[in-house]
Amino acid sequence: MSWKLFWLLVEAARLTVLLSAASIAIGFVIACLVCAGMLSKNPVARGAGRLFVSFFRGTPLLVQLLLIYYLLPSIGLDVPSEVAAITGMALCTAAYQAEIMRGGFGSVPTGLVEAAEMTGLSASQTFRRIRLPIAFKLTLPALVSEAIMMLKSSSLVSVVGVIELTRMAQDLAASTYRPLELYAAAGFIYLVINLVVAALGTGLEARLKWGRI
């Protein structure tokens, strides 16, 4: 395979990384709100959070992307395919991240929270200094795994017209009749990206372990 073809795959991989990073970041913000709703004492907020998680975890990402892609124009929002792709991926990963964070907060030892309250810390101080740091440490490996899953799932956004890594490999394979080389190269690029993400997660986990963050 020529370097020209490989470079086209690398350029498409750059779009894959950008779409995935934006989706994961936006999804994390949404997940925080959904998690807060599920942990709320308000039954309406709790029910809304659970409904959100149930829907986006219970339906395929491919279906969600198609629904959003055709829904936005129907309500007067004519947006680029990339925006529709980011929206669909962000909502999907938000559901998984929210459930991960809910489990993390639920795993915080009750004794630590009670001890913090006995020392005079307010509810917000207990959350910031006790519950949030512990929950983040507990959920970091799962959140990194979710980020890797979204990077791999980004191959589905080609159905809404986004030419990311997998779609570029398909187009080049159709025009050059060299599918084995191109798909192998695309797989190698995905592997490198995911190894980098895993290494960053491991490094962050180590820094948290030694209290450097």
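Predicted model: local features only at pLDDT ≥ 70, side-chain atom pairs only at ≥ 80, totals over all residues.
Local features need pLDDT of at least 70 and side-chain atom pairs count only at pLDDT 80 or more, whereas totals for chains, interfaces and linings use all residues. Residues are numbered from 1 along each chain as its sequence is written, and side-chain values use heavy atoms, with hydrogens and water left out.

Colleague: How far apart are the end C-alpha atoms of helix 7?
Modeller: Helices here are DSSP runs of H or I with at least four residues, numbered from the N terminus. Helix 7 covers residues 165-176, and its twelve residues should span 16 Å at 1.5 Å a residue, the expected span being 1.5 Å times one less than the number of residues. The model agrees, with its end C-alpha atoms apart by 16 Å.

Colleague: Which helices do the buried residues of helix 7 pack against?
Modeller: Buried means under 20% relative accessible area (1.4 Å probe, protein chains only), and in helix 7 this holds for L165, T166, M168, A169, L172 and A173. Seen down the helix axis they fall within an arc of 160°, so they line one face, the arc being that of the directions from the axis to the C-beta atoms. With contact meaning heavy atoms within 4.5 Å, the buried residues of helix 7 pack against helix 1 (3-39) and helix 8 (179-209).

Colleague: Which residue follows helix 7?
Modeller: At the start of helix 7, a side-chain oxygen of E164 comes to within 2.9 Å of the backbone nitrogen of T166. Beyond the helix comes a residue whose phi is positive, near 60°, namely Y177.

Note on methods. Helix = DSSP H or I, 4+ residues; strand = E, 2+ residues; numbered from the N terminus. Buried < 20%, exposed > 50% of the residue type's maximum accessible area, 1.4 Å probe, protein only. Polar contact = N/O pair within 3.5 Å; in protein donor to acceptor, adjacent residues only side chain to side chain.
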